[in-house]
Amino acid sequence: MTTNPALTLHFSALVIDGHCDSIGDQLEQGRWLGDRSDKGHLDLPRMREGGVTAQFFACYVPTPFQRHGAATHALDRLDQLHLLAEQLPDRFLIARTAGDITRAKSEGKLAAIAGLEGAEALDASIGMLRQFYRLGVRNLGLAWNHRNAACDGVAESRTNGGLTEFGVKVVEECNRLGMLIDVSHLSPAGLADVLAVSQQPIVASHSNARVLCDHPRNLTDAQMEAIAQRGGVVGVTFVDAFLNKETPAAATLDDVIAHLEYMLKQIGPDHVAIGSDFDGCTTPPELPDITAYPRITGKLVERGHSAVVIRKILGENLLRVFATVCGA
Ligand SMILES: [Zn+2]
């Protein structure tokens, strides 16, 4: 029997992916994530095949709901995640602490980290933020691309808006509750404000390096360095347009590796992670769904990165931030 050291490393590592939109498929297309499908990028059987233990599931609020019914829509998505956990208790759980994630790994279960993508879901209410926390939400993406009550997203950056007064309160309350703040999609001024206000490390769950791909959704070196200096993490994403702005269809797995390696060099191995954006984007052909995850580990091994560094990228860095902010 031959053993592949990269596969052994991958399947023994704790793999945590920082972002997906798959729960929207379950709500809006009825694609139950407990069953294996050939549609979309991610379901629980394919997570297991890909050696991914924990997944951040974003409750995104689609544009038509952003101005009306946002909280209800986000709750509907969160409800779908809870239905999965309730109906598959021996396979799947919603992690509220870092211990829940490591326990899932040791018990052979899969874990979800519940998140919101856009403060629209809060309906401008701090009470709603607390209610979402009580329902297990542990990651708040402050913005999608537009303006909301808390902040401006990257599509609003013409006016240089950052956090609103409400947004400052949201950040402070997230710190107090123990909820991660996610700055992907946030305007540059908003990111600077979060860095000034937050007492806790933050994440950019699915953003690439601006130097390699000059897209407004990607981060400059200074932004990545500021996130790293405060102990935070940047998740390299598979979104083809954030890998290769000019020719998204030509994006490859090598581009993903290039962004990972650039960040390793720029901000160090303790601050780099992966946030695929599965079911929210078009991915490179070598990463057609989550079962392809071991190819990333294979490439990193081939490129000479150590097992210690690879484990950090695959999950240990996100776990550290999660433990720091949300509890061990
Ligand atoms: Zn996104």
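At what angle do the axes of helix α9 and helix α10 cross, and within what distance do they come? In this predicted model, the axes of helix α9 (residues 188-197) and helix α10 (residues 221-229) cross at roughly 20 degrees and come within 11 Å.

**View 1. Crossing of helices α9 and α10.** Two packed helices are described by the angle between their axes and the distance between the axes. Angles under 35 degrees count as roughly parallel, and α9 and α10 are therefore roughly parallel to each other. The crossing of these two helices is left-handed.

**View 2. Residues in the contact of α9 with α10.** Helix α9 contributes Pro188, Leu191 and Leu195, while Gln223, Ala226 and Ile227 come from α10. Sorted by class, the contact comprises 5 nonpolar residues and 1 polar residue, with no charged residues.

**View 3. The aromatic pair Phe238 and Tyr293.** Across the whole structure, a search finds 4 aromatic pairs. In the pair formed by Phe238 and Tyr293, the ring centres are 6.1 Å apart and the planes stand at 55 degrees, so the pair is tilted. Phe238 lies in the loop between β8 (233-236) and α11 (240-243), whereas Tyr293 belongs to helix α13 (residues 293-302); the pair therefore ties together parts that are 55 residues apart in sequence. Both Phe238 and Tyr293 are buried.

**View 4. The aromatic cluster of Phe238, Phe278 and Tyr293.** Phe238 and Tyr293 are joined in this cluster by Phe278, with ring pairs providing the links.

Methods
Residues are numbered from 1 along each chain as its sequence is written. This is a predicted model: local features need pLDDT of at least 70, side-chain atom pairs count only at pLDDT 80 or more; totals for chains, interfaces and linings use all residues. Side-chain values use heavy atoms; hydrogens and water are left out. Axes are lines fitted to C-alpha atoms, for helices over the stretch in contact, and angles run from 0 to 180 degrees between N-to-C directions. Helices (H or I, at least four residues) and strands (E, at least two) are DSSP runs, numbered from the N terminus. Angles under 35 degrees count as roughly parallel, over 145 as roughly antiparallel, 65 to 115 as roughly perpendicular and the rest as oblique. A crossing is left-handed if the near helix is turned anticlockwise from the far one by less than a right angle, and right-handed if clockwise. Contact means heavy atoms within 4.5 Å. Ala, Val, Leu, Ile, Met, Phe, Trp, Tyr, Cys and Pro count as nonpolar, Asp, Glu, Lys and Arg as charged, and the others, Gly among them, as polar. Rings of Phe, Tyr and Trp (its six-membered ring) pair if their centres lie within 6.5 Å; planes under 30 degrees apart count as stacked, over 60 as edge-to-face and the rest as tilted. Buried means under 20% relative accessible area, exposed over 50%, partly exposed in between (1.4 Å probe, protein chains only).
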